[in-house]
Amino acid sequence: MSTAGLLLAVEAADAGADPAAGRYPGGPGSALDPRLLRARVAAAERAGFAFVTFGDRPAPPPTGGRLEAGVRAAYLSQLTRRIGLAPMLHVTTTEPFHLATQLASLDHASHGRAAWVVGAANDGPARATIGAAPLDEAARRQEVRDVIDVARALWDSWEDDAVIKDVATGRFLDNDKVHHVRFEGLSFSVIGPLITPRPPQGQVVVIATDSLGVADRADITLVGDLSAVEGARAAGSPLVFAELEVALDRPGEPAASRLERLDSLAPWPRTGRARFTGPAAGLTDFLAGLAGRVDGVLFHLAEAAADFPALADQVLPALTANGVARGPRPDDITLRDVLGLARPVNRFADPVRSKYSA
Amino acid sequence: MPDQQHHGDRGPRVHLGVFFTGVGPQLLWADPANASHHAVETFVEVAQLLERGLFDAFFLGEGLRVRENRGKVFDLDVSGRPDAITQLAALAAVTDRIGLVATQNATYNYPADLARRLASLDFISGGRAGWNVVTTDNAWTGENFRHGGWLPHERRYERATQFVEAAKQLWGGGATADTPVDVHTDLVSFRATPTVPPSPQGRPVLFQAGDSDGGRELAARHADVVFSRHRDYQEALAYAHDLRSRLKKYGRQPDQVRILPGASVVVGDTPREAEEKARWVRSEQVNGPRAIAYLEQYWGTDLSAYDPDGPLPDIEPSAGELDPSRGTIAVERRSGKLELIAGWRDLAAERGLSIRQLVLEVSGGHAAFTGTPGQIADTWAHYVRTRAVDGFNITPHLLPSSLADIVDKIVPELQARGVYRTEYEGATLREHLDLPAPSAGKP
């Protein structure tokens, strides 16, 4: 699928993607501060980003702390109006039923702006938080598929018109329209239905990196390398976003020397994502070259306090002005609207019955 | 002279919370004035209303399986609610003072995961989070979770106690990556490093509602607030005495626990108006279809052919005990249903009761407090001055009007009697409840 203009998203977690970002003296302060979080996401909304992601892990970052991503996203749901909110929740360290409930609830609280960045933390410390050992790679991939599948089934477990409030018969809901899902995965089963009615978007937007091997299940597949784009599209991913690490020049300090300075505190390892280091105008040109090849870009900023203002104030306006990128349009209500994704039909809905009961 | 030491020179006060169940037969969804139970706007409106009324806490219920009746989702009550922590995190952004309490299950959660989510809510709200610790022993609820119905009934409070103690270790602020919290028993097993520092109130306030012996022991050992079911004055006194006597063995003082029974309230401008309104509320709550469904869960069979305004079903109930799928049947009622039904038949015959009249009689749920604002304020002031309770968790029947009645009518009467705050003095839930700060790192 190709949309008119690149869609842009930004990771809002922590002080920045560079592990030294939070350590630098006089740096951005506590990544835990709700006021900073609020200001950052409000600025991202004003700048026209389609969504923000909230990276997370069940273990603490090297410095400072980190609030659980679903809580951060929910908090912001009442403070924003247009921007999508995409917390990372891990299939490997949570209960699938709770995960599906949290995301459905975020979608209700935000009136259809929820997305889920699929996490699959599988290192020893992460898995130890649930008293388990790391999974082998096949089991981990199966777990990712199973949890996505059960979440999607649970989001359909209430049909859109399940609540009828029929005073004459005393029925609050039509129980032919609230379904057991009877999901059987490799390591767990869930009967359903969800305790929460169907999310406003029908299905919460599912975002997964291509390394998880679920381009056939995700709404957005994230690629670190452009050579993976065609594979993700062929597997059926409606949208493909490039992940891009960014460090921008600041007045008096080129990005390269800033990274050198940060690297002396803690090195920023390569993750397989592309990395852009240089002036804002160079990034604008680079992104123009991505238009038409990918549907959007998810930025990981080296140092949020330094790189976010440069991105929002210089790069986005230039890209929007020349039509390379686009943000939410005035008529867009849900994140699916912004992304150009249709609201999915409910798998349990009976088209014949729906027609006659309408 | 009642013991007033914990109140300093202020005298005892009524602490109020709202128990927003989100589901259940007490909610009058058919009333056109009733707000949506699903819209986030209703939750925001109610939380802000309660904050205007200087309430201590807004408290969300949770149940981890949608209630059923004879194998199908139960269709007569309000059903469907949000994840409590997610919803409260949203409310934290649009409220400043009110406590935000999430009912969360100690049987079907991972301790480190839940503790982290609660700590996150506590931190982002500036120290306003609470956790109402509940347990579930039925395998029917377990069918939504990885390990199914893994926990035997008699061990559910053992698990809950270990879970709470593990959470307190994670919230204590002492653990680091080099010295993680490491718990390994047959009921709780994990190793984790907290990612969230302690909030301004130290850690989330713990609510506990269990009334069995195991529940009362858990409350005496760990709860900051007991959400009890004993609101009748004499029963409340007896319960308070029992709970306070249990505190001693855990080295805790009577001041360290607040007792807030659940209560529904019907307010009228005159006593007669209040009585009439209470009768109307009950008759709406136990309408014909609900009366039939109530009996069906005990009979275990389809009774839809019976007239709710006619006599009790003449057929015999099905063999076997009650199934837990309504999710609401107390343990003591899960056995001996034939004796129970025989008793109902006697009662109905003796008093000439129809199905609906019988259910009105035996199903409980009568408004705990009915009267004028002044009458109710007098009653509550007496309760707190004699330390039978420290306040109430109000269960609303109409949203938001049944709560607006309390904020706009009862609160001023309580203030006039000197038993209710006139402004928030503190910022955290623990401060609202006049509870001491937790000792750092102490499990």
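Begin the tour at a pair of helices in chain A: the crossing of H2(A) and H3(A) is left-handed, meaning that the near helix is turned anticlockwise from the far one by less than a right angle, whereas clockwise would be right-handed. The model is predicted, so local features need pLDDT of at least 70 and side-chain atom pairs count only at pLDDT 80 or more, while totals for chains, interfaces and linings use all residues. Residues are numbered from 1 along each chain as its sequence is written, and chains are lettered from A and ligands numbered from 1 in the order in which they are written.

**Stop 1: the helix pair**

Two packed helices are described by the angle between their axes and the distance between the axes. Here the axes of H2(A) and H3(A) come within 9 Å and cross at roughly 15°; axes are lines fitted to C-alpha atoms, for helices over the stretch in contact, with angles from 0 to 180 degrees between N-to-C directions. H2(A) is therefore roughly parallel to H3(A) (under 35 degrees; over 145 is roughly antiparallel, 65 to 115 roughly perpendicular, and the rest oblique).

Next, select Gly70(A), Ala73(A), Ala74(A) and Ser77(A) in H2(A), which meet Gln102(A), Leu106(A) and Ala109(A) in H3(A). Contact requires C-beta atoms, placed from the backbone, to lie within 7 Å. This set divides into four nonpolar, three polar and no charged residues (Ala, Val, Leu, Ile, Met, Phe, Trp, Tyr, Cys and Pro count as nonpolar, Asp, Glu, Lys and Arg as charged, and the others, Gly among them, as polar).

**Stop 2: the whole of chain A**

Now display chain A, which has eleven helices and 13 strands; these are DSSP runs numbered from the N terminus, helices being H or I of at least four residues and strands E of at least two. Its C-alpha trace spans about 75 × 50 × 40 Å along the principal axes.

**Stop 3: where chain A touches chain B**

How many residues does each chain give to the contact? Chain A gives 49 residues and chain B gives 53 residues. On the chain A side, helix H2 (69–77), helix H3 (96–109) and strand S6 (171–173) each supply at least two residues. The largest share, seven residues, comes from H3(A). By class, this side of chain A has 26 nonpolar, 17 polar and six charged residues.

**Stop 4: the domains of chain B**

Finally, colour chain B by domain: domain 1 (5–268 + 366–432) and domain 2 (287–362), with bounds from an automatic or database domain assignment. Their centres, taken over C-alpha atoms, are separated by 31 Å. Where they touch, domain 1 of chain B contributes eleven residues and domain 2 of chain B nine residues.

Conventions. Contact = placed C-beta atoms within 7 Å.
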